[in-house]
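Okay, thanks for coming, everyone.

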Amino acid sequence: MSGAKPLRRILVAGSGHALTLTVVSLLRHLQGLQVQLLAIDLGESEAEHTVVSTFASFHQLPEALELPGAKLAASLKAEPFAGCLINHPASDAPICLSDGEFGVTAARIPFHQLFHRYRHMEPTAQLDDFTVPSGNPGAGGAQGYKFLARDFQRYLKQVARAQDVLFIPSSSLQVITGAQGVESLVTESGQSLSADLYIDCSRSAIIMRAIQQSEQIAKEFVAPFARLDTLEQVGPQTTDRYSYLDLQPEQLSFRANYADCQYRLQLRWGGSVAEGAALTAPWFIRQAWQNNVVAMGAAVTNLPMILPGDYYLLHKQLLLLLNLLSGGVVDSVHSWVLSQQSQQMVMGLKDVVNFVMYYQAGNDNSLVLTEANRARVALFQSSGGKFVAENTVLSDSQWLALFYACGISQERGSLVSNTISDADLRTLMLQLKSTVKRA
Amino acid sequence: MIESAQSQEIRQIVIVGGGTAGWMTAAALCKVYENLPIKIALVESEQIGTVGVGEATIPHLRYFNERLGINEHEFMQATHATYKLGIEFSNWGQIGQSYIHPFGDFGFKTDGVDFYHFWLRAKHAGYERPLEEFSLPVHMARLSRFSYPVRDARALLSTYSYAFHIDASRYAKFLRSYCETLNMSRAQFTRFEGKVQQVERNPGSGDITAVALDNCMSIAGDIFIDCSGFRGLLIDQQLGEKFEDWSHWLPCDRAVAVPSEKGLATSSSNTTPPYTKAIAHGCGWQWQIPLQHRMGNGLVYSSAFMSQDQATTLLAERLPGRPLADFNALTFRTGRREHSWSHNCIAIGLSSGFLEPLESTSIYLIQAAIMKLADLLPQTKSYVAEREEFNREMALEYDRIKDFLILHYNATEREDTEFWRYCKYMSVPDSLAMRKETFLSSAHVLGYKHGLFLDPSWVAVMVGQGMVPKTWHHKANDMPESELFSHLDRFSEEMLNAAAKLPDHLGTVARHCQSDCQDIWPQSSLSLYGVFS
């Protein structure tokens, strides 16, 4: 070990669900270790009606926290979330982005290769007709949920308080730094608090910025955007299993149906479309763990979370942090690992945001694709090839959905896709369509 | 000039070289493209010997064979195969110490926590059983037992996978016969005898257009696959693709190999155990691969620390039985091509790179390249994006295996020779350094999604070679110490008893090689740790 130090006290500062989730995670995970946990609630505004939606694949954390999915879902009055529909100007019909798989691999040929050929035979064929849903909602298996962020936060706070965690309210924070990083935090009431490890869950990276500058994400990759405070309850709607991602020129609009109501959040970008809201330049923190400070979730980047991977970064980071701290010590290698892997996660998120914005921007050629996206798109367009990446936020099926939604199609198939005859292909696809319909 | 769509189609694939790589490629392409109007040619010369590496395999080969529709029992019969449940590493961490890296995980997870955390806690409290005693395939290997894994995920007997020890030259012949049989109904495949004398290239694109043989034949193609071994006849000699040298981290660069008789069984050792032996010596290591009819032996060493004569003498002293052929000296350079696919030429096997067979990855790397190529090869001759992706993925395969191999040398307490002192104190790639430090400081294995060796393998080698973290997951503290000890004892005994009830390895091999054998082998998977996972 290189300079391992025992952990005696951890101080978590932040707001909303990021703060409470981090606190509860640490509580559950470090029980049995003599680590004291302090929480400072910065009270940064979290929209009252923000709807959280999670894919099943993003749902490992409640399991790690021993929060039983069904019980948690009941407490939150959670509704099943099967995926979101992407309404994109480039696609003629909404494409469903979900945990489900598109079709099946048959005759050892990936489904999208079969679909590509089939579409030449049946130009009206729709991808969604072949979506095999994931899990089986209600059966207790892995599934996604949607619920109000506010309720999740309250639930977690109750869990934390039941274990005597005190949330100290403080809308401002003075960060006292020294040679080793942060020495203490002073709350607005003048209380000075110190710890072995400071975890920053704030939206402004208030602690981390005291020891490290954030870096701008070049605007050619992600255009500066404005998060317009137009979160609104649109009105009673028929509840269905989906929430929506609408893509209009220079605008992303999220609509989520929850509890018989529909909520909407908009993001805008482009110099002339500010509408009074300040444009925000996307930034990120390069070293998510520096000295004795760890930045989590929104404290690492303000990239817009435009897909149901809202909490992707926070969840992934938490799972890693819990593993690293499970022995109750901090070590220099931990900061190396968490920083390096967080950077990879941010790059993965950047790929998704970049991809959607790039294809949304249409003729606005001030945006360029990231290197990974260039390779990903070129490979898919060329022959439907699958780009292998460690840090991708989306599954292969989800990338495929985005490709189709953004009007990107493959020019030709792989050689192996020719190995099934037209007649066999037609029979196979009809069988599959009918199976999916029955399901 | 605009070429017609038809002229852009891939019609002819030429494979240069007929060793294991060449015949695996030929068999796979003949099978995958059997319904397509694509001609596949293989050029080889009987005058050129093959290296015949990779007698020890990993479970992925079963997947390859299954895709070809090969009958596993016929394959065993043809290649004189035995079963393999892992690799025993002796004298790596310390002289006199040994452990098995099995094809299976250790124990079962409890509350989402890997078993080894419970073992770590017990070990630090004085518990003495080694981690490997919580692996069913290790018990089976030590007792020389073998049976197919079962499907029920709750059963102990589902917790392992298996591979083979094979005669690689017989495997190449078996696949040749496979291609010829497949070809009887369709004239898709042709084998050409001859040495490549000249390579013709398109002066504009630099693509290879044909290979001319010493018998005046010329074989044209759209795609050329270089399976010519270390020589890299096309990828190196023609296209000059750069080679990334890793000898700094993997200093062994020579081997001597010889088959021998298996010797006599003793009360403590079986002549045909279901595992490979990798025994470290002062300047490298020695392999022992038990086949049905003989033992495959080899001694890998670093020429900076040992001469060929010394290596040959040492190997001769350590043979289990009488040598059955002359000692074969091999020279190699560890590393990989920067690009395995260049122009219209794809290097597969030793022409693409070399990693010593410490973890039996040679045949796997051939298989991985073939599978990626079959996935990516497009319908027409323009493949820039596909080529980049193939090169990126193959580089990742090699790089991750490289780190795992370096771990074996670097995670050592040996300082008895200059070679081991070098290995112990050499700098290692950052990716490996981070993995080692993280494991030591938090007992956490840094995982990845795409790579051959996953967490159980890293744990097996790290713990096996003495890297024991001083910490563990806190949930392992939930059980009182005495209860934990007795629980572990019961669990290990249960595994031992389950293994002891299984049939004898050699008897099972003999039964499976009988033509009327009714046993049905389980499905295959692309996992080292279980057939049904």
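**Salt bridges, the interface and some buried pieces**

So, counting over all chains, this structure holds 42 salt bridges. Keep in mind that what you're looking at is a predicted model.

Chain A first. It has ten helices and 24 strands. Of its 439 residues, 57% are buried. If you take the contacts in chain A with a separation of 6 or more, 75% of them are between residues 24 or more positions apart. And the accessible surface of this chain is about 17,800 Å², with 49% of that belonging to carbon and sulfur atoms.

Let's pick out one residue there, D351(A), which you'll find in helix α7, residues 332-361 of chain A. Is D351(A) buried or exposed? It's buried, at a relative accessible area of 7%. And what is D351(A) in contact with, leaving aside its neighbours within four places in sequence? That would be T370(A), A372(A), N373(A), R376(A) and W399(A).

Still in chain A, have a look at helix α5, residues 149-162. D151(A) and R154(A) make a salt bridge there, with the closest N and O atoms 3.9 Å apart. The two sit three residues apart in that helix, which puts about one helical turn between them. D151(A) is buried at 19% relative accessible area; the cut-off for buried is under 20%. R154(A), on the other hand, is partly exposed at 48%.

Now, the interface. Chain A puts 42 residues into the contact and chain B puts in 43. Between them the two chains bury about 3,500 Å², and 55% of that is on carbon and sulfur atoms. Three residues stand out on the chain B side: Q379(B), M434(B) and H474(B) supply 19% of the area that chain B buries against chain A, more than any other three residues. How many salt bridges are there between chain B and chain A? Two. One salt bridge joins the side chains of E386(B) and R412(A), at 3.7 Å from N to O.

Over to chain B, then, starting with a sheet. It's an open one with three strands in the order β8-β9-β10, and the pairing is antiparallel. The edges are β8, 196-201, and β10, 218-220; each has a single partner strand, so one side of each has no neighbour in the sheet. On average, neighbouring strands here are turned by 20 degrees against each other, ignoring direction. If you zoom in on β9, residues 208-213, you'll see three bridges between that strand and β10(B). In one of the pairings, A210(B) has A220(B) in β10(B) as its bridge partner.

There's another antiparallel pair in chain B: β4, residues 86-90, and β5(B), over five bridges. I87(B) stands opposite H101(B) there. Strand β5, residues 98-102, has four of its five residues buried, so the rest of the structure largely encloses it.

Next, helix α4 of chain B, residues 115-124, which is mostly covered, with eight of its ten residues buried. Among the buried ones are F115(B), Y116(B), F118(B) and W119(B). What covers them? The cover for the buried residues of α4(B) includes α11, α12 and α13 of chain B. Just after the helix, G126(B) has a positive phi of about 105 degrees.

K381(B) and D222(B) meet in a salt bridge at 3.2 Å, N to O. That pair links distant parts of the chain, 159 residues apart: K381(B) is in the loop between α8 and α9, and D222(B) is in the loop between β10 and β11. K381(B) is partly exposed at 27%, whereas D222(B) is buried at 14%.

Then there's D399(B) with R336(B), where the closest N and O atoms are 3.0 Å apart. D399(B) is in helix α9 and R336(B) is in strand β18, so this pair ties together parts that are 63 residues apart in sequence. D399(B) is partly exposed, at 24% relative accessible area, and R336(B) is buried, at 7%.

And to finish, a network: salt bridges link E44(B), E46(B), R176(B), E180(B), R191(B) and E193(B). Happy to zoom in on any of these.

Definitions and conventions: Residues are numbered from 1 along each chain as its sequence is written. Chains are lettered from A and ligands numbered from 1 in the order in which they are written. This is a predicted model: local features need pLDDT of at least 70, side-chain atom pairs count only at pLDDT 80 or more; totals for chains, interfaces and linings use all residues. Side-chain values use heavy atoms; hydrogens and water are left out. Two strands pair if DSSP finds at least two bridges between them. Axes are lines fitted to C-alpha atoms, for helices over the stretch in contact, and angles run from 0 to 180 degrees between N-to-C directions. Buried means under 20% relative accessible area, exposed over 50%, partly exposed in between (1.4 Å probe, protein chains only). Contact means heavy atoms within 4.5 Å. Accessible areas come from the Shrake-Rupley method with a 1.4 Å probe; for residues, only the protein chains shown count as cover. Buried area is the accessible area (1.4 Å probe) that two parts lose on being put together, summed over both. A salt bridge is a side-chain nitrogen of Lys or Arg within 4 Å of a carboxyl oxygen of Asp or Glu.
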